[in-house]
Every structure is written in structure tokens, then in C-alpha cells.
Amino acid sequence: MKNEDKIQLLKSEPMKFTYAEIEQIMDNEIDKDPSEMDTELIDFCAKVLCQAIEAQKENEVNTKSVNKKHIKLKLTKIFAAALITILILGGAMTVSAKYIYNDTSDKIVKFYADHFSINLRGTNSNNDTQLDDSADLIAKLKDSGFDKVILPNDLLTEDYKYDVDITEDDKFLTTSITIKQQNDNNNINIDITKYKNGIDNLFNSETQITNEYDSAKQLSKNGIDIFVFGNKEYSSIIYVDNNTYYDIYLTNFDFNSAIKIAESIK
């Protein structure tokens, strides 16, 4: 089993492993050269074992038979593992980022050693509303073949300017939009892809999200699931409506700002 899969299983169903198996996984990783260690995996193993020891201590206190030597040995090993992880993370070598916040369905979004991934199969993707055609950008997109457009209202304020590049072939209608808001250094890039022959190809693939993101959140608005990924400097908003895929990239918008923008989708 790959380390990424072990991490997912430890996060979602730790009881599928015996404590001896978890300890062995951690030992195997610690025995590696520091440059090859998976600190994410070591960290998860240590946390699960700590929880097990605390439960064991409580149970043995209740039965008046604490095996202090056994517990001390295991705790020493766990503290050693934690110290190794700290030394690696604090050293000069490049290591995997860890997520700070993740509020998404684990059936759709997964976090591996250094990145999120998303598989949009199973998401709600049928919004019954659309933006006002009087908005200049929306009218232009509709005239180009996008029969219904769902975008965050917060991006379409009166003081924005935009450039649109539209391409088309027998399978896709695609537009790349750059939005610039006045008196603002923020950049907004929107990619919209309309699938002419059904969207199953998108649903059948898993997409890797940049490993720079450390947080993720899932929202539900009027029949569609919206996914926000971000950090302190930039973010992405991803969703599907009917046969159309949206990917909004926000520069100089932190994660919380991106959530606010996503919540303005009607």
C-alpha cells in the first residue's frame, strides 16, 4: 500500500490497523534516511498510538494494574518520532506541506502527503438560477454559446474590467476570463468549460490541486457543491453546473476572502 493510501486510511478508518501494524509502519519510516522519510505518515502514526496509550492508561488505572514500563517505552518511541519530524520540518530540506483546515467530503476531496485532489463525481451540479443577462460579461458569454452562467456576484461589481478569450471545437466551448477590479491589485482568472457531449469524462478523472494550498472548504448553494482551496495569498473556487465546469483562480485573495466570494454565488 502506498504511503498516501495509508494516510487516507489512518485518517478515515484507523481501526482497520492493529496497534502493532501502526507501530511497524512508523518504525519502517523512521529507519529511512531523513531525506526519504514521510513526516506526514510518522505524525499520523504517532497521534494514533498516543490515543491508544491514553486509552490503555485509563483502562489500566481503572483495573489497578498499570504496566508503567510498557507505556514508558512506547511513549519514548513516539516522542522520538515527533522529535525527528520536528527536526526535519525545521531543517533546510524541502518537506511536504500539511493542511491547516479541511471541511470537505472525503469522498470528493482527499489530502495526500503534499496536496489536495478532487474527483467531482457525486457532487451536486444542477443550479436552477442564473445571473442577470444585463451584466455585460454575462450577456457576452451567453451570446457566445454559454446558455447559463453561474458566477460569484462579488466578482461582478460595477467597477470591474474584463478580457475574454473564447475557443470552441466539436467537444468543448471554453472561455478564459481575466477580471481586473479598479483601485485593486487583485487578479481574477476564470476558466469556464462547457462539455458538449456530456461531462462524464470530467467525473471519471481525479484532479490534483496545487500543493501550495493548505486549506479547503465545501459549500452548497442552490443545487451545486462549491469547493474552495486556498492559503494566505491566493485561492481557487471550483464547481460544476449541469454540463459546465468552473475554475476561478484568485491572486491576492486569502482563503477566507475566497470563501466570502464563493458564498455570493446565487
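**Note on ring pairs, sheet and cavity**

1. Phenylalanine 172 has a relative accessible area of 29% and is therefore partly exposed. The model under review is a predicted one, and the values below are computed from it.

2. What is the ring partner of phenylalanine 172? Phenylalanine 172 forms an aromatic pair with tyrosine 195. The ring centres are 5.1 Å apart, and the planes stand at 90° to one another, which makes the pair edge-to-face. The cut-off for that class is an angle over 60 degrees. On burial, tyrosine 195 counts as buried, because its relative accessibility is 13% and the limit for buried is under 20%.

3. Which elements does this pair tie together? Phenylalanine 172 belongs to strand S5 (residues 172-181), while tyrosine 195 belongs to strand S6 (residues 187-195). The two residues are 23 apart in sequence, so the contact ties together parts separated along the chain by that number of residues.

4. The model has 7 aromatic pairs in total. Elsewhere, Phe111, Phe116 and Phe229 are joined by ring pairs into a cluster.

5. Asparagine 102 has alanine 216 in S8 as its bridge partner.

6. There is 1 cavity of 30 Å³ or more. The volume of the largest cavity is about 40 Å³. Its lining consists of Ile118, Asn119, Leu120, Leu202, Ser205, Thr207 and Tyr245. By class, the lining of the largest cavity has 4 nonpolar residues, 3 polar and no charged.

7. Is leucine 41 buried or exposed? Leucine 41 has a relative accessible area of 0% and is therefore buried. This residue sits in helix H3 (residues 39-62). From C-alpha to C-alpha, leucine 41 is 10.0 Å from isoleucine 22, and the two are 19 residues apart in sequence.

Note on methods: Residues are numbered from 1 along each chain as its sequence is written. This is a predicted model: local features need pLDDT of at least 70, side-chain atom pairs count only at pLDDT 80 or more; totals for chains, interfaces and linings use all residues. Side-chain values use heavy atoms; hydrogens and water are left out. Rings of Phe, Tyr and Trp (its six-membered ring) pair if their centres lie within 6.5 Å; planes under 30 degrees apart count as stacked, over 60 as edge-to-face and the rest as tilted. Helices (H or I, at least four residues) and strands (E, at least two) are DSSP runs, numbered from the N terminus. Buried means under 20% relative accessible area, exposed over 50%, partly exposed in between (1.4 Å probe, protein chains only). On a 1 Å grid over the protein atoms alone, a cavity is a set of points where a 1.4 Å probe fits but cannot get out, and a pocket is an open set with protein on both sides within 12 Å along at least five of seven lines; lining residues have an atom within 4 Å of a point. Grid points are joined across faces, edges and corners, and a volume is the space filled by probe spheres set on the points. Ala, Val, Leu, Ile, Met, Phe, Trp, Tyr, Cys and Pro count as nonpolar, Asp, Glu, Lys and Arg as charged, and the others, Gly among them, as polar. Two strands pair if DSSP finds at least two bridges between them.
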